[in-house]
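Please open the model in your viewer and keep the selection tool at hand.

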Amino acid sequence: MSKLRANLLQAAIAVHAPIQPIALQFLDAQGQQSFAPCYIGDDTLLGSLWRTLCSDGIQAVVSFGAPQTADGRDRRTWAAAVREDIIALRKR
């Protein structure tokens, strides 16, 4: 997982709003992680869609963490904590 962009949390800090960590992963028919739907690097949208449509039994799994607030943390510290929560959600 790439680094969570800390600046995305600044608005939540400014208005004391909670955020909710959410993990998205794709599994193949055997329940193993699938990268077929990934859309990264030089991939085209069409190429990504084609790989996804040609793959058997792809399932999207969405996991929700507990909402949390900054509780005095700066955005970088909070982003690191949220990232760790998302990694933990993907291991369930």
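**Second largest pocket**

The second largest pocket holds about 160 Å³ of space, where a pocket is an open set of points on a 1 Å grid over the protein atoms alone, reached by a 1.4 Å probe, with protein on both sides within 12 Å along at least five of seven lines, and a volume is the space filled by probe spheres set on points joined across faces, edges and corners. This is a predicted model, in which local features need pLDDT of at least 70 and side-chain atom pairs count only at pLDDT 80 or more, while totals for chains, interfaces and linings use all residues. Residues are numbered from 1 along each chain as its sequence is written, and side-chain values use heavy atoms, with hydrogens and water left out.

Select Lys3, Leu4, Arg5, Ala6, Asn7, Arg76, Ala79, Ala80 and Arg83 to display the lining of this pocket, that is, the residues with an atom within 4 Å of a point. Colored by class, this lining shows four nonpolar, one polar and four charged residues.

**The whole chain**

Next, switch to a cartoon of the protein chain, whose elements follow the order α-β-α-β-α from the N terminus. The radius of gyration of the protein chain, taken over C-alpha atoms, is 16 Å, well over the 12 Å that the globule rule (2.2 Å times the number of residues to the power 0.38) gives for 92 residues, so the chain is more spread out than a compact globule. Along the principal axes, the C-alpha atoms of the protein chain fill a box of roughly 45 × 30 × 15 Å.

Finally, color by accessibility: buried residues (under 20% relative accessible area, 1.4 Å probe, protein chains only) make up 25% of the 92 residues in the protein chain.

Key. Ala, Val, Leu, Ile, Met, Phe, Trp, Tyr, Cys and Pro count as nonpolar, Asp, Glu, Lys and Arg as charged, and the others, Gly among them, as polar. Helices (H or I, at least four residues) and strands (E, at least two) are DSSP runs, numbered from the N terminus. Buried means under 20% relative accessible area, exposed over 50%, partly exposed in between (1.4 Å probe, protein chains only).
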